[in-house]
Amino acid sequence: MKNGFTLVELLVVIVITVTISTGSAMLFGKSNSDTNEEDLRGKYREMQRAAIIYTDLNDSWRNTLNETGEVSVKLGELQSTNYVSKDFSNTVTKEIFPSNYIIRLYIASSGDNQYLDSCVVRYSGGQEICIANSRGYDCGCCDSPISSFNKACNN
């Protein structure tokens with residue numbers, strides 16, 4: 001009868017333990033990244049909800065929306081009126097969102113039904129660039145034509 005473990009048995013146990021812990025760390029890292037992406041989509045939706053409330057409570061903005069079917073509100077305006085925090089930050093890059101992001105609210109239609117939709121865009125060199133649609137994804141913004149600045153959604 002032998003006492004204790006052999007060196008080979010100990011090495012096998014160590015290899016199995018390292019393999020399991022490495023796999024767990026990789027899964028945790030991916031789930032953390034997925035959580036940050038979902039949090040970011042939530043931040044974009046929060047910006048859009050703040051713009052809807054701001055427009056709804058401001059008669060001139062609401063009248064413009066009713067007359068033209070569209071209104072654009074800068075994130076900086078929502079920040080200066082405390083609808084959104086001034087240190088509102090991107091959960092992926094950890095940077096504060098630029099105050100020149102524009103939240104566009106517009107009347108969209110599906111068949112005979114009309115509804116209020118929104119998106120977040122920015123302008124660069126006179127070109128509108130999609131930041132997030134109403135679901136928080138960076139595609140299919142504001143019923144704008146699909147282009148390199150507004151890719152088609154796959155989800």
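This is a predicted model: local features need pLDDT of at least 70, side-chain atom pairs count only at pLDDT 80 or more; totals for chains, interfaces and linings use all residues.
User: Where do Tyr 44 and Phe 97 sit in the chain?

Analyst: Tyr 44 is in helix 1, residues 7-57. Phe 97 is in the loop between helix 3 (75-80) and strand 2 (102-110). The two are 53 residues apart, so the pair links distant parts of the chain.

User: Are they buried or exposed?

Analyst: Tyr 44 and Phe 97 are both buried.

User: What about Tyr 54 and Tyr 83, how are those rings set?

Analyst: Their centres lie 5.1 Å apart and their planes meet at 80°. That makes the pair edge-to-face, because the angle is over 60 degrees.

User: Which parts does that pair tie together?

Analyst: Tyr 54 belongs to helix 1, and Tyr 83 to the loop between helix 3 and strand 2. The pair therefore ties together parts 29 residues apart in sequence.

User: Is Tyr 54 buried or exposed?

Analyst: Tyr 54 is buried, at 8% relative accessibility. The cut-off for buried is under 20%. Tyr 83 has 32%, so it counts as partly exposed.

User: Which residues do ring pairs link into a cluster?

Analyst: The cluster holds Tyr 44, Phe 88, Phe 97 and Tyr 101.

User: Which residues line the largest pocket?

Analyst: The lining is Glu 37, Leu 40, Arg 41, Tyr 44, Asn 90, Cys 130, Ile 131, Gly 136, Tyr 137 and Asp 138. Tyr 44 is on that list, and Tyr 44 is also in the ring cluster.

User: Which element gives the most to the lining?

Analyst: Helix 1 does, with four residues. Helix 1 and strand 4 (127-132) each supply at least two.

User: How do the lining residues divide into nonpolar, polar and charged?

Analyst: Five are nonpolar, two polar and three charged.

User: Last topic, Val 13. Where is Val 13 found?

Analyst: Val 13 is in helix 1.

User: Does Val 13 count as buried or exposed?

Analyst: Val 13 counts as exposed, because its relative accessibility is 51% and the cut-off is over 50%.

User: What separates the C-alpha atoms of Val 13 and Thr 81?

Analyst: They are separated by 60 Å. Along the chain, Val 13 and Thr 81 are 68 residues apart.

Definitions and conventions:
Residues are numbered from 1 along each chain as its sequence is written. Side-chain values use heavy atoms; hydrogens and water are left out. Buried means under 20% relative accessible area, exposed over 50%, partly exposed in between (1.4 Å probe, protein chains only). Rings of Phe, Tyr and Trp (its six-membered ring) pair if their centres lie within 6.5 Å; planes under 30 degrees apart count as stacked, over 60 as edge-to-face and the rest as tilted. On a 1 Å grid over the protein atoms alone, a cavity is a set of points where a 1.4 Å probe fits but cannot get out, and a pocket is an open set with protein on both sides within 12 Å along at least five of seven lines; lining residues have an atom within 4 Å of a point. Ala, Val, Leu, Ile, Met, Phe, Trp, Tyr, Cys and Pro count as nonpolar, Asp, Glu, Lys and Arg as charged, and the others, Gly among them, as polar.
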